[in-house]
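Student: I would like to learn how to read the features of a model with care. Could we go through them one at a time?

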Amino acid sequence: MELIDRYLQAVRFWLPKSQHDLALELAEDLHSQVEAKEAELGRPLDEGEVSAILRECGRPVVVAGRLRPQDYLIGPMMFPTYRFILKMTLLWMMLPIFVFIVGPVQLVKTGSLGAAIGSTIGAMWTGSFIAAGIITLVFVMIERTQKNLGLVDKWDPRSLPPLEKPERKASGAKTACELIFNLMAFAWLLLVPHYPFLILGPAAAFLNAGPMWHTFYAPVLLLTAVSILRSGAILVRPQWVRFPVWSKLLQTVLSLVVVNYMINAAGQTAGAAWHPFVIAAQGGEQSAKIAAVLNVSILVSLVCTCLGLSIAAIVQTWQSVRSFTRKESFAPGSASLHVF
């Protein structure tokens with residue numbers, strides 16, 4: 001019955017932990033079907049016959065969607081990717097932009113903390129609503145047209161991953177999303193020198209990037225390219241068991257080195273007006289104040305990033321040592337690429 005156990009494991013992968021009990025009813029039904037078929041044939045079923053029963057039952061992600069009580073505008077096959085992209089856009093991209101760029105600009109313009117917070121929250125709400133609407137619309141269109149791609153029925157239960165240890169929950173879908181966003185980030189970095197609005201927003205009309213960014217632009221671009229190669233290697237070579245952990249640690253260490261050099265370079269910047277990151281492109285006291293606030297905000301964000309990377313490096317070092325000493329390991333990404 002190992003094939004059935006692997007099938008149930010894949011179904012539970014797409015169910016919230018609070019709803020894992022729903023898979024018990026499915027397990028009873030599958031075992032009943034197997035017993036009925038064995039009674040009919042008068043012999044135990046082989047792997048191919050069990051696979052046929054599971055194939056008739058449906059793909060794990062589709063079955064998980066049927067087990068859950070509510071209907072979805074975006075089905076369970078696309079929802080994990082949709083949730084990851086939505087979280088990436090709203091929390092990891094838009095939130096830092098509004099907190100560290102739009103907020104300080106509004107504070108200098110209005111001269112009132114309350115007014116700046118109110119206008120920033122209003123603009124962030126509007127932007128987040130529009131971004132979430134566009135992302136949702138795209139995924140709804142994909143959900144409505146995915147049947148034409150022939151992805152629902154073409155699957156083999158025997159391609160399901162082996163039973164894994166409870167603590168190992170790797171996600172190939174997440175790696176694919178990381179690859180997509182790394183590609184988008186790389187394209188964004190290539191466009192930023194030509195379109196400063198992409199990073200400064202409306203402030204690009206009177207602010208320019210400081211000289212220090214020209215020094216660290218190439219290393220940041222190179223780190224993004226390394227991230228793309230890492231994600232691609234994990235998807236193409238899931239049998240490289242230790243590569244994801246060690247490469248992630250290496251990437252974190254390289255990022256930490258670059259961020260640390262940026263902080264040190266900013267601290268060594270001399271001059272009457274401290275402007276290591278952005279400078280006022282036009283004269284005027286208001287532009288200088290905005291540049292000063294943004295420089296401090298960027299420095300604070302870099303220090304927080306350095307702290308986060310340091311903690312991540314410690315955790316990833318421990319994970320790397322564990323992966324090296326563990327006798328049995330499963331390839332990250334291989335499970336979730338087949339649980340569909």
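Student: What percentage of the 340 residues in the protein do buried residues make up?

Tutor: A residue is called buried under 20% relative accessible area, exposed over 50%, and partly exposed in between, with a 1.4 Å probe and protein chains only. Here buried residues account for 39% of the 340 residues. This is a predicted model, in which local features need pLDDT of at least 70 and side-chain atom pairs count only at pLDDT 80 or more, while totals for chains, interfaces and linings use all residues. Residues are numbered from 1 along each chain as its sequence is written, and side-chain values use heavy atoms, with hydrogens and water left out.

Student: How many helices and strands does the protein have, and how do they run from the N terminus on?

Tutor: Helices (H or I, at least four residues) and strands (E, at least two) are DSSP runs, numbered from the N terminus. The protein has eleven helices and two strands, and the elements follow the order α-α-α-α-α-α-α-α-β-α-α-β-α.

Student: What percentage of contacts between residues at least 6 apart in sequence join residues at least 24 apart?

Tutor: A contact means heavy atoms within 4.5 Å. Among contacts between residues at least 6 apart in sequence, 80% join residues at least 24 apart. As a separate case, given by C-alpha atoms, Met184 and Thr224 are 40 residues apart along the chain and their C-alpha atoms are separated by 9.9 Å; Met184 is placed in helix α7.

Student: Which residues form a salt bridge?

Tutor: A salt bridge is a side-chain nitrogen of Lys or Arg within 4 Å of a carboxyl oxygen of Asp or Glu. The count by this rule is one salt bridge, and it pairs Glu49 with Arg43, whose closest N and O atoms are 2.7 Å apart. Glu49 counts as partly exposed because its relative accessibility is 23%, and Arg43 is partly exposed because its relative accessible area is 37%.

Student: Which residues gather in a patch of positive charge on the surface, and which form a negative surface patch?

Tutor: Charge patches are made of residues with over 30% relative accessible area and no salt bridge, like charges being joined within 9 Å. The positive patch gathers Arg83, Lys87, Lys174 and Lys248. Lys174 lies in helix α7 (residues 172–191), and this residue is partly exposed because its relative accessible area is 41%. The negative patch is formed by Glu2, Asp5, Asp46 and Glu47. Glu47 is found in helix α3 (residues 47–57) and counts as partly exposed because its relative accessibility is 48%.

Conventions. Patch = residues over 30% accessible without salt bridge, like charges linked within 9 Å, V, L, I, M, F, W, Y side chains within 5 Å. Areas by Shrake-Rupley, 256 points an atom, 1.4 Å probe, with all protein chains shown as cover. Lys, Arg positive; Asp, Glu negative; His and termini not counted. Charge placed at Lys NZ, Arg CZ, Asp CG, Glu CD.
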